[in-house]
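Hello,

Here is the structure I promised to pass on. Please open it first, then read my notes below with the view beside you.

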Amino acid sequence: MTAPLEQPSVFDATEGVEALAALLRGRRIVVLTGAGCSTESGIPDYRGPGTRARARNPIQHREFLTRPEVRARYWARSLLGWPRFSSARPNAAHQSLAALERDGHVLGLITQNVDRLHHAAGSQRVIELHGALARVRCLDCEAIEPRTELQERLLALNPGFTEHTAELRPDGDAELPVETVLAFRVASCTRCGGTLKPDVVFFGDNVPPPTVEAAFALLEEGDALLVVGSSLAVYSGFRFLQRAADRHMPIGLLNIGECRGGELVDVRVEARAGEVLPRLAEALTSA
């Protein structure tokens with residue numbers, strides 16, 4: 001019978017910087033980021049500390065495709081949630097990862113986030129596993145529309161709707177009671193009149209194969225994997241941890257809370273990304 005793998009020691013912020021620097025120094029780093037990288041920018045997550053107290057059911061891909069009332073509910077909530085979501089700005093974690101890429105320590109990022117904050121911080125090589133809320137795609141003709149333009153059309157179709165108040169959700173939409181969205185008018189594609197969907201991978205959908213292939217190709221170029229702000233509960237991210245372990249790559253994990261696959265990690269740090277990454281960047285660039 002095979003003995004279970006030992007869990008790595010969990011470091012705090014101070015010891016974690018030193019441990020991660022020792023693990024990653026002199027190596028070509030590939031970074032995998034999750035929602036915990038953006039919570040310090042004001043974007044909530046589904047699995048971080050306090051999540052159970054404010055638990056919400058995420059949008060399901062099949063329901064969005066097949067049920068008009070679900071699409072109406074999503075776009076009504078999105079109309080209210082988009083201004084706050086789109087106004088989020090990169091935090092110290094995003095900025096530090098961009099700096100590490102500029103200095104040649106990080107090869108690129110694989111992100112599960114849909115907020116485009118890595119781009120805003122200056123990261124150049126970013127693979128968006130789950131797409132980006134900044135784009136809207138027509139399910140019928142595949143036309144792409146900027147989300148900002150759709151916002152103006154939704155506002156015109158639903159005058160006075162922004163008088164409602166709502167809590168921001170991880171999907172970039174907001175929490176609203178059912179009765180509030182009954183009369184909501186959904187915008188159609190300006191090219192063909194078809195059904196619009198945010199250009200993201202909802203729960204129950206699959207990451208497009210070319211995106212997965214590009215992410216694996218990036219991982220193959222690296223010497224080490226650093227996971228930031230992800231519980232790795234979703235397989236779309238966990239598979240990269242598995243591949244890195246199969247390649248015997250050093251693996252660092254920076255996250256708060258429970259994490260899937262912790263036994264595969266070499267160094268685990270439980271602290272805020274915005275606290276650790278600036279100090280890690282300084283340690284690696286000053287070496």
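Start with helix H3 (residues 68–86) and helix H6 (residues 147–157). They pack at an angle of about 120°, and their axes are 10 Å apart.

H3 brings Trp75, Ser78, Leu79, Trp82 and Pro83 to the contact. H6 brings Arg147, Thr148, Leu150, Gln151, Leu154 and Leu155. By class, the contact of H3 with H6 holds seven nonpolar residues, three polar ones and one charged one.

One reminder before you go further: this is a predicted model.

Next, go to helix H1 (residues 13–24) and helix H9 (residues 273–285). Their axes come within 9 Å and cross at roughly 45°. That angle makes H1 oblique to H9. H1 passes H9 in a right-handed crossing.

Which residues make this contact? From H1 they are Ala13, Thr14, Val17, Leu20, Ala21 and Leu24. From H9 they are Glu275, Val276, Arg279, Leu280, Ala283 and Leu284. Nine residues of the contact between H1 and H9 are nonpolar, one is polar and two are charged.

The axes of H7 and H8 come within 11 Å and cross at roughly 35°. Their crossing is right-handed. On H7, look for Val212, Ala215, Phe216, Leu219 and Glu220. They meet Arg239, Phe240, Arg243 and Ala244 on H8. The contact of H7 with H8 has six nonpolar and three charged residues, and no polar ones.

Now zoom out to the protein itself. How many helices and strands are there? The protein has nine helices and twelve strands. It has 287 residues, and 53% of them count as buried. The accessible surface comes to about 13,400 Å². Carbon and sulfur atoms account for 48% of that surface.

Last, consider the contacts along the sequence. Take those in the protein with a separation of 6 or more: 73% of them join residues 24 or more positions apart.

Best wishes

Definitions and conventions
Residues are numbered from 1 along each chain as its sequence is written. This is a predicted model: local features need pLDDT of at least 70, side-chain atom pairs count only at pLDDT 80 or more; totals for chains, interfaces and linings use all residues. Side-chain values use heavy atoms; hydrogens and water are left out. Axes are lines fitted to C-alpha atoms, for helices over the stretch in contact, and angles run from 0 to 180 degrees between N-to-C directions. Helices (H or I, at least four residues) and strands (E, at least two) are DSSP runs, numbered from the N terminus. Contact means heavy atoms within 4.5 Å. Ala, Val, Leu, Ile, Met, Phe, Trp, Tyr, Cys and Pro count as nonpolar, Asp, Glu, Lys and Arg as charged, and the others, Gly among them, as polar. Buried means under 20% relative accessible area, exposed over 50%, partly exposed in between (1.4 Å probe, protein chains only). Accessible areas come from the Shrake-Rupley method with a 1.4 Å probe; for residues, only the protein chains shown count as cover. A crossing is left-handed if the near helix is turned anticlockwise from the far one by less than a right angle, and right-handed if clockwise. Angles under 35 degrees count as roughly parallel, over 145 as roughly antiparallel, 65 to 115 as roughly perpendicular and the rest as oblique.
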